[in-house]
Amino acid sequence: MGEHYFAERPDAASRRRTVELVLPDLHLRLDTDSGMFSPDRVDPGTRVLLETVPEPPAAGDLLDLGCGYGPIALTMAKRSSQARVLGVDVNQRAVMLAESNAKAAGLDNVRFSLADDVDPALRFAAIWSNPPIRIGKAALHDLLLTWLPRLTPGGLAHLVVQKHLGSDSLQRWLNDQGFPTERIASRSAYRVLRAAPRTEGHTR
């Protein structure tokens, strides 16, 4: 199913199932479906990210980039109840299911949207992401160059990437693009990278 999860309208026949996200501070039951990322379990990289990132900002707009069925966005919404959380994806099936999961969890400070429908003027105090590495390096770079410049001054992005899928080269590339980036955690072949807003005077 990996080839389908970044399609706008997945071809895979629907097969609904439920997974559980259990963290020290929350327990979520999430409906998933075929044609989206990691439908049979919460992805290990997502879990590493959620277990290692600092608390999200208490207020402001927060972004889950590549939200899938919503585990990262819902965790952000749960941890920062006064913030406004937005989850974006290109996958219509995933966005609809994420909305349903938010309602089931009773979280009203989170919404989900297709990426192209987001107001380009919106700025984010935090971006969390398990980015879609398998879309290819050029498409991934374009995605990050679209969203990382939308960090507010002082905002931070946290990205989780497998080492063998290029976490170290991505860290170097982000630094070369003017986003000061460091590794803040390493576990089970995953790296969590923290990127700050682009340095002054550095353009795309």
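**Figure 1. A139 in helix α4 of the predicted model.** In this predicted model, residue A139 belongs to helix α4, a helix that spans residues 137–147. A139 is partly exposed, since its relative accessible area comes to 35%. The view also takes in D64, which stands 75 residues away from A139 in the sequence, while the C-alpha atoms of the two residues are separated by 18 Å in space.

**Figure 2. Strand β6 and the partners on its two sides.** Strand β6 covers residues 124–129 and is mostly covered, for six of its six residues are buried. How do β6 and strand β3 pair, parallel or antiparallel? Strand β3, made of residues 61–65, pairs with β6 in the parallel sense, and three bridges hold this pairing. In one of the bridges to look for, D64 has W128 of β6 as its partner. Strand β6 is also joined to strand β7, residues 151–162, by five bridges, and these two strands run parallel as well. Here the bridge partner of F124 is L151, a residue of β7. As a general point for reading such a view, the strands of a sheet pair through backbone hydrogen bonds, and they may do so in either a parallel or an antiparallel way.

**Figure 3. The open sheet as a whole.** In what order do the seven strands of the open sheet follow one another? Going across the sheet, the order is β5-β4-β3-β6-β7-β9-β8, and the pairing is mixed. The edge strands are β5, residues 110–114, and β8, each of which pairs on one side only. From one strand to the next, the twist averages 20 degrees. An antiparallel pairing can be followed between β7 and strand β9, residues 190–195, where the two strands share six bridges. Within this pairing, Q162 has Y190 of β9 as its bridge partner. Helix α1 lies across β6, β7, β8 and β9, and the helix runs at about 50 degrees to β9.

**Figure 4. D40 and its two arginine partners.** The whole structure holds 10 salt bridges according to the search, and two of them are shown in this view, both involving D40. In one, D40 is paired with R15, and the closest N and O atoms are 3.9 Å apart. D40 sits in the loop between β2 (26–32) and α1 (44–52), whereas R15 sits in the segment before β1 (17–23), and therefore this pair ties together parts that are 25 residues apart in sequence. In the other, the side chains of D40 and R17 meet with an N to O distance of 2.5 Å. Because R17 lies in strand β1 and D40 in the loop between β2 and α1, this second pair links parts that are 23 residues apart in sequence. Through salt bridges that share partners, R15, R17 and D40 are joined into one network.

Figure 5. The side chains of E51 and R187 come together in a salt bridge, with 2.5 Å from N to O. E51 is located in helix α1 and R187 in strand β8, which is made of residues 181–187, so the pair ties together parts that are 136 residues apart in sequence. Are these residues buried, exposed or in between? E51 is partly exposed, with a relative accessible area of 35%, and R187 also counts as partly exposed, at 34% relative accessibility.

Figure 6. Q171 is found in helix α5, which covers residues 167–176. At 17% relative accessibility this residue counts as buried, because the cut-off for buried is under 20% relative accessible area. Which residues does Q171 touch, once its neighbours within four places in sequence are left aside? Q171 is in contact with T181, E182, R183 and L193.

Conventions:
Residues are numbered from 1 along each chain as its sequence is written. This is a predicted model: local features need pLDDT of at least 70, side-chain atom pairs count only at pLDDT 80 or more; totals for chains, interfaces and linings use all residues. Side-chain values use heavy atoms; hydrogens and water are left out. A salt bridge is a side-chain nitrogen of Lys or Arg within 4 Å of a carboxyl oxygen of Asp or Glu. Helices (H or I, at least four residues) and strands (E, at least two) are DSSP runs, numbered from the N terminus. Buried means under 20% relative accessible area, exposed over 50%, partly exposed in between (1.4 Å probe, protein chains only). Contact means heavy atoms within 4.5 Å. Two strands pair if DSSP finds at least two bridges between them. A crossover is right-handed if, with the strands pointing away from the viewer, the path from the first strand over the helix to the second runs clockwise. Axes are lines fitted to C-alpha atoms, for helices over the stretch in contact, and angles run from 0 to 180 degrees between N-to-C directions.
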